[in-house]
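The sequence and structure come next.

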Amino acid sequence: MRLHRNLCFAVIDGLTLIFNEGKYADKVIQQLLKRDKRWGARDRGFVAETTYDIVRWKRLYAEIAEVKEPFDRDNLWRMFAVWATLKGITLPDWKYFENTPTRKIKGRFDELSQTRKLKESIPDWMDEVGEKELSADFWSKEMAALNEQADVILRVNTLKTTKEKLQSELFDLNIETEFIKGYPSALKLRERANVFSTEAFKNGHFEVQDASSQLVAEFANVQPGMRVVDTCAGAGGKTLHLAALMENKGQIIAMDIYANKLHELKRRAKRAGAHNIEPRAIDSTKVIKKLYDKADRVVIDAPCSGLGVLRRNPDAKWKLQPEFLDKIRKTQQEILQQYSRMVKAGGQMVYATCSVLPSENQLQVASFLKSEAGANFTLLKDKKVSAHKSGFDGFYMALLERKA
């Protein structure tokens, strides 16, 4: 691979914003990709993937390059040189790469890879929490899986098409996909491609949604005609899946504390042809109280540490703080206590997170069931999805039923 100056500069500019100014990697990369209209798919792929790679391995590369935060541009070029050397890319004779100790880089990599927190490039506290909650062996395997690049998975919108039709439509555009056993609506891309520019996407035939995330709506056991409340709907990935499973019949009340996310949901629902969704911003407790004892199903895709989705959000490793974990666990329990009151007698509730930590998952459900609010609920089943066993994001989901 030959390195091109303008692409490498884009990566360094992006890393400056992410590491030194705390900007979100996905937003920075979106901006970078608009920088030069002449860039082809390969150029854009290089910028996105290289930036994500260096973000993912920040701690390891900084240790090898012997640089410390805040990184100046020279530091970032040194980290870039580490990335290129470990990828087997020959460094061009640019001034940034003068005196790069290629052999020393490989030696340092081998040496530092003996220690998990350096090998997997995570903060000390995160490594300690993961080992304490999951065991050393499980956490080692899980972190290795969470550092791999995520596959692109589509969820077929069955309101508009079938899995077979969509597969054939994409095949005609030279985008090859495969079915995934046990995931009824999923298509996995064999190679990365810009699916958002296709007519199939514009016509609402699919959404991009990880396979594990697709299990949540399935878990909710919804039927056409039900009244379903999706309490932390966000931009609506799972809401749209619920609408498809309900065949557009019945009512989905999509709630969130962020009204701007619900605007995005409206736009997506229109494209998907999902007509049974009613967005409601949670601007006071009244919104929830109005629905006490009225829902057949309540879905809580709870805010969490996001440790199960580090493959697609590698910068979260550096943004997350241990005190956030304590805060979010408290929020999760409050949400369970409050939102469970919307479930009617005989109705069911799904509690889900994209975390792999038991303290955010089965322990939260156990605490809820022991509480006054949870006394009239029973746990029907739960599912722990780990990245290293499934090949997809780490997730947890529990299905609870309110006694009739």
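Is Asp293 buried, partly exposed or exposed, judged by relative accessibility? At 44% relative accessibility, Asp293 is partly exposed; under 20% relative accessible area is buried, over 50% is exposed and partly exposed lies in between, using a 1.4 Å probe and protein chains only.

This is a predicted model, in which local features need pLDDT of at least 70, side-chain atom pairs count only at pLDDT 80 or more, and totals for chains, interfaces and linings use all residues. Residues are numbered from 1 along each chain as its sequence is written, and side-chain values use heavy atoms, with hydrogens and water left out.

**Backbone geometry**

Most residues other than glycine have a negative phi, and most peptide bonds are trans. Asp293 is not a glycine, yet has a positive phi of about 65°. Asp293 sits in the loop between helix H15 (286–289) and strand E8 (295–301). Helices (H or I, at least four residues) and strands (E, at least two) are DSSP runs, numbered from the N terminus.

Ser121 is not a glycine either, and its phi is positive at about 55°. The loop between helix H7 (116–119) and helix H8 (124–134) holds Ser121. Ser121 is buried, at 0% relative accessible area.

The peptide bond from Glu69 to Pro70 is cis, with omega near -10°. Pro70 lies in the loop between helix H4 (58–65) and helix H5 (73–86).

**Helix packing**

Two packed helices are described by the angle between their axes and the distance between the axes. Axes are lines fitted to C-alpha atoms, for helices over the stretch in contact, and angles run from 0 to 180 degrees between N-to-C directions.

| Helix pair | Angle | Axis distance |
|---|---|---|
| H1 (residues 5–20) and H3 (residues 41–56) | about 40° | 9 Å |
| H12 (residues 211–219) and H13 (residues 237–245) | about 45° | 9 Å |

H12 is oblique to H13. H1 and H3 are oblique to each other. Angles under 35 degrees count as roughly parallel, over 145 as roughly antiparallel, 65 to 115 as roughly perpendicular, and the rest as oblique.

H1 crosses H3 in a right-handed sense. In a right-handed crossing the near helix is turned clockwise from the far one by less than a right angle; anticlockwise is left-handed. H1 contributes Leu7, Cys8, Ala10, Val11, Leu15, Ile18 and Phe19 to the contact, and H3 contributes Asp43, Phe46, Val47, Thr50, Thr51, Ile54 and Val55. Contact means heavy atoms within 4.5 Å. By class, the contact of H1 with H3 has 11 nonpolar, 2 polar and 1 charged residues. Ala, Val, Leu, Ile, Met, Phe, Trp, Tyr, Cys and Pro count as nonpolar; Asp, Glu, Lys and Arg as charged; the others, Gly among them, as polar.

The crossing of H12 and H13 is right-handed. Ser213, Gln214, Val216, Ala217 and Glu218 of H12 meet Lys238, His241, Leu242 and Leu245 of H13. The contact of H12 with H13 has 4 nonpolar, 3 polar and 2 charged residues.

**Ser359 and Lys370**

Ser359 belongs to the loop between strand E9 (343–353) and helix H18 (362–370). Ser359 is buried, with a relative accessible area of 12%. Leaving aside residues up to four places away in sequence, Ser359 touches Glu133, Arg329 and Gln364.

Lys370 is in helix H18. Lys370 is exposed, with a relative accessible area of 75%. Lys370 and Lys319 are 51 residues apart along the chain, and their C-alpha atoms are separated by 33 Å.
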